[in-house]
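My points follow in numbered order.

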Amino acid sequence: YALVSGGPPEQSAPGGCRTGNGVNGAGLWIFTRKQARDQALVDKVREIAKDKGFDLSVLNDVLQVGGGDDVVQKSGGSEEVAKASFIV
């Protein structure tokens, strides 16, 4: 797994600290090497982020359904089919 911060978490928020806004110096992501969501692993990495002082409210859940080249990504009520390559 990887917990990736798009910049230093310098903005104070009720749930912890956040990175900036916009394209550069912003964002927080959790990446795993699995094609299917492993909730236990996501929870583990979320706890690491929380322990480091990150505000977890900036994270959006993305449910990946399917496998191979066609993956359905669901986020915030919308659904789209994306071509995906996986490196394992």
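1. Leaving aside neighbours within four places in sequence, A49 is in contact (heavy atoms within 4.5 Å) with L3, F54 and L56. The model is a predicted one, in which local features need pLDDT of at least 70 and side-chain atom pairs count only at pLDDT 80 or more, while totals for chains, interfaces and linings use all residues. Residues are numbered from 1 along each chain as its sequence is written, and side-chain values use heavy atoms, with hydrogens and water left out.

2. A49 counts as buried because its relative accessibility is 1%, where buried means under 20% relative accessible area and exposed over 50%, with partly exposed in between (1.4 Å probe, protein chains only). Between A49 and I30, which are 19 residues apart in sequence, the C-alpha to C-alpha distance is 9.4 Å.

3. A49 lies in helix α1, helices being DSSP runs of H or I with at least four residues and strands runs of E with at least two, numbered from the N terminus. Helix α1 covers residues 39-51, 13 residues in total, and its first and last C-alpha are 18 Å apart, close to the 18 Å expected at 1.5 Å a residue (1.5 Å times one less than the number of residues).

4. The buried residues of α1 are L41, V42, V45 and A49. Seen down the axis of α1, they fall within an arc of 100°, so they line one face of the helix; the arc is that of the directions from the helix axis to the C-beta atoms. Their cover includes β1 (2-5) and β4 (28-31).

5. On the face of α1 turned away from its buried side are the exposed residues A40, K50 and D51. After α1 comes G53, with a positive phi near 95°.
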